[in-house]
Every structure is written in C-alpha cells, then in structure tokens.
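Take a look at the model below. We will walk through its sheet and then the helices beside it.

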Amino acid sequence: MEPQKHSLVGRLCGSSISHMRRFLFDVLSAGPIPNHVAFILDGNRRYARKWKLGEGMGHRAGFLSLMSLIKYCYELQIKYISIYAFSIDNFKRKPHEVKCLMDLMLEKIEGMLKEKTIVEEYGVRVYFIGDLKLLDDNVRHAAEQAMKATAKNSRSILLICVAYTSTDEIVHAAQESCEQLCDELQALKPSEAPFGKISDELQALKPSGAPFGKISEELHEMVHAAQESSEQLGNELQALKPSGAPFGKINEIAKEKLSGTPFGKINEIMNGKEEEKPEEREQGEANGEKREDKSEEKSKEPSEEEKHEELGKEKQGDFPNGEKLENASEEKQELSNGKLEEKSEEEQKGFVKEMKEVQPNIKLSDIERNMYMGVAPDVDILVRSSGETRLSNFLLWQTWNGLLYSPKALWPEVGLEHLVWAILNFQRAHPLFEKRKKQF
C-alpha cells in the first residue's frame with residue numbers, strides 16, 4: 001500500500017510542477033522569445049572533482065542537464081539549439097580522456113537513435129557541425145546515421161558542434177567560396193567571362209596549364225601575323241596621296257610648312273600639281289625643257305625608315321612640325337584590297353569601364369552560405385556556465401548581436417531558473433539588438 005501512495009504523490013507533484021512550468025512559459029511568451037540559443041558545456045570535470053565522482057561521471061551528469069534544458073527550450077518554442085560538445089582543441093587532451101569522451105558521445109548518439117524520445121516528440125532534426133573527418137570512424141558513422149534518420153523533421157533544430165572551432169569554420173567557408181568562384185569562372189564561355197568580350201580567335205584557343213594559364217603558341221602566331229599586316233599596311237599607306245589617305249585632308253597651314261620637309265613631292269601635289277605622265281615627260285625633253293626641280297625633289301625623297309617614322313606620327317595625329325590632324329581618330333582606314341576597322345575611343349573607354357566594374361569577387365553572403373552553421377540564423381542567447389565570459393572559439397561569427405549569459409553554476413548544475421533568467425535578460429535588451437540589426 002505504501003509504494004502506491006508514494007507513486008501517487010510523485011505523479012501529483014510531477015503534474016503540478018509541469019503545470020507551473022507551463023504557466024511560467026506562458027508568461028515569458030508575452031515578450032519576445034529567442035529563435036536561437038547556444039550552450040557552452042563548461043564545468044563537467046570540476047563538478048566531478050567537487051563531488052568526488054569517477055572519471056567521466058561529470059560528463060554523464062552534464063548530459064542529463066542538457067536533455068532537461070533542450071526539453072525546456074522546445075516547450076518555449078525555441079526552434080534552434082546549438083551545443084558546444086567537443087572542440088578541435090580538446091583533441092590535445094590526454095588520449096584516454098579523449099577516448100572516454102568519444103565513447104560517451106557514441107553511446108548517447110546510438111541511444112538517441114534507438115529511443116527517439118525527444119526527437120520524435122518535438123520533431124527535432126539533428127545536425128553534427130564541424131570537421132567530422134577528425135572523429136573516430138564509429139562516431140562519424142553514428143553521427144551520419146542520426147542526421148539521415150532525422151532529415152525529414154523540421155519543427156525544431158538541434159546543432160551539435162563536435163570537432164569544431166569558429167576559426168576553422170571561417171577558414172573553411174573562405175576556401176569553399178574561392179573554389180566555387182574558380183569553378184564558376186572555368187565553366188563560363190569566353191564570351192560570357194567577366195573580363196569583357198574576347199575575340200573569336202581567342203575563343204578557339206585551348207588553355208594550357210592553370211586556370212589563368214600561359215598564352216598558347218597560337219596566340220603568338222596571331223601576334224606575329226598582326227605585325228606583318230601592320231607593316232604591309234604601312235607600305236600601302238606610303239603609296240597613297242595625302243588627299244586620299246585615311247587621315248583626312250591636311251589643312252592650309254600644314255601645306256605651307258611642308259615645303260622643304262622630307263616628304264618631297266607632297267607640297268606640289270597639295271598645290272594642285274600632279275606628276276606628269278611618261279609621254280608628257282618625253283615630249284617635254286624633246287622640246288628642251290629641263291627637269292631640275294624634279295631631280296632636286298627626288299634627291300630629297302626620304303628613306304624607307306624615315307617614311308615609317310613619319311607615318312607613325314601621322315597615325316597619332318601629329319606632323320613633324322607639331323601640327324595635329326583633326327579627324328584622325330574618327331575615320332576608318334580604307335584600302336584598295338579591303339577595309340580595316342578600328343574601335344573608336346568611346347568603345348575602348350567603355351571596354352575599360354566594363355573591366356573595372358565587372359570583377360569576380362567573393363561576397364559576404366558567399367561566406368555565410370558556406371559556414372558550417374549556415375543552416376541556422378545568428379545566435380540570440382549564448383549561455384556559458386561556470387561564470388566564464390570567454391567564447392572559447394565558439395560561434396564568433398554568429399554571436400555579433402547576441403546576449404552572453406554566464407551563470408556561476410557548473411554545467412551539470414544549470415537548470416530551469418538559469419534559462420528563465422537568460423530569457424528575461426534577452427527581453428530587456430531586445431530593443432537594442434533590433435536597432436543594431438537594422439543598422440547593419
């Protein structure tokens with residue numbers, strides 16, 4: 001009869017406590033409720049030494065406290081819960097201690113898969129966050145199975161950080177973003193590349209080596225062919241009269257100053273005197289006419305090298321005496337064997353502007369997308385037990401606008417009252433957090 005009375009009293013006490021807790025949560029729900037709460041489980045070993053428990057018993061007591069807090073959070077409808085279970089730095093501990101923690105982790109993961117009490121009751125999806133390759137094969141396999149078994153749940157999210165540090169997460173995100181950007185650039189066609197339009201000849205070239213590669217032999221051949229074409233063009237331009245050249249007509253001032261320059265016959269041609277035909281020359285000689293002027297002009301005729309230099313100056317719009325051709329950059333070069341079109345200055349400026357504006361870069365959203373914690377929003381409350389205010393390389397990126405609550409209790413001693421105080425402090429500071437969030 002006595003055991004039945006004790007059982008009945010226990011059920012009544014449990015029921016009354018449950019009703020009181022629900023009433024308390026209803027009052028808290030009148031204010032803003034955090035969306036993401038994170039816990040740093042600090043003080044398990046000190047708790048074991050304090051109560052003279054065996055090795056590993058402090059972590060087991062801490063696990064019971066963790067299950068209670070997770071249940072309270074889900075009753076408050078806090079969707080995201082993060083736990084700092086094992087840091088990469090913890091691998092530096094004694095080997096037998098690391099093995100004890102790995103065995104405990106494996107035991108609890110397998111127990112969660114078998115019982116599925118909290119997971120099924122609150123529709124929890126489990127994520128294991130961190131560099132899982134550092135874990136033992138058995139632990140990693142169990143973690144993968146737990147994530148796969150809860151993949152269809154979406155009501156609540158539990159993020160267990162193992163083999164994790166925030167600096168490792170940020171480096172990982174940066175590396176992933178760079179690799180994705182390189183893959184995207186390599187997948188682009190040359191005409192779609194962000195460095196401007198590439199000519200049809202360059203599109204046919206195959207890259208040799210790295211993504212930005214060395215210039216292929218075909219490109220060298222193209223450059224050599226372009227040089228030969230420019231020399232041929234120079235020779236043909238030399239044979240043209242200035243009035244028919246692609247640089248426009250020379251003004252009257254240039255006509256007066258050309259006399260005595262190495263251009264020889266240009267002055268007479270500019271003044272309307274055309275070169276006589278062979279028949280007229282023979283007839284003139286028969287009539288006893290002298291050609292002294294012609295011989296003098298021939299002696300003043302420039303060499304081939306001088307012609308090339310002077311033509312180069314003409315292309316820039318300058319004569320040897322400093323005069324500029326007014327329409328040199330606007331007209332197109334037309335030759336008897338075809339047309340050579342050049343880009344105008346406006347097109348060239350637009351091309352340069354395009355290269356400056358359209359540049360491949362990594363954005364903040366790319367980094368955040370490749371974070372281990374990219375599946376969850378930023379942290380609203382970070383609870384660290386034992387009175388410590390250090391983050392210990394945990395969620396440095398995600399806690400920029402959150403509340404740090406540090407009760408003096410060791411982790412196995414943390415309970416409902418600490419969670420309630422953390423939420424009350426968050427509600428008091430919530431307007432400041434919202435204002436800061438809008439600023440950024």
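How many bridges join strand 2 to strand 4? There are seven, and the two strands, residues 80–87 and residues 156–164, run parallel. Along this pair, Ser 82 stands opposite Leu 159. Two strands pair if DSSP finds at least two bridges between them. Strands (E, at least two residues) and helices (H or I, at least four) are DSSP runs, numbered from the N terminus.

This is a predicted model: local features need pLDDT of at least 70, side-chain atom pairs count only at pLDDT 80 or more, and totals for chains, interfaces and linings use all residues. Residues are numbered from 1 along each chain as its sequence is written, and side-chain values use heavy atoms, leaving out hydrogens and water.

Now widen the view. Strands of a sheet pair through backbone hydrogen bonds, either parallel or antiparallel. Here the open sheet has six strands in the order 3-4-2-1-7-8, with parallel pairing. Strand 3 (124–129) and strand 8 (403–405) are the edge strands, each pairing on one side only.

Next, the helices. Axes are lines fitted to C-alpha atoms, for helices over the stretch in contact, and angles run from 0 to 180 degrees between N-to-C directions.

Helix 4 also packs against helix 6 (residues 137–149), at an angle of about 25° and with axes 10 Å apart. The two helices are therefore roughly parallel (angles under 35 degrees). Their contact includes Met 102 and Leu 106 of helix 4, and Ala 142 and Ala 146 of helix 6.

Conventions: Angles under 35 degrees count as roughly parallel, over 145 as roughly antiparallel, 65 to 115 as roughly perpendicular and the rest as oblique. Contact means heavy atoms within 4.5 Å.
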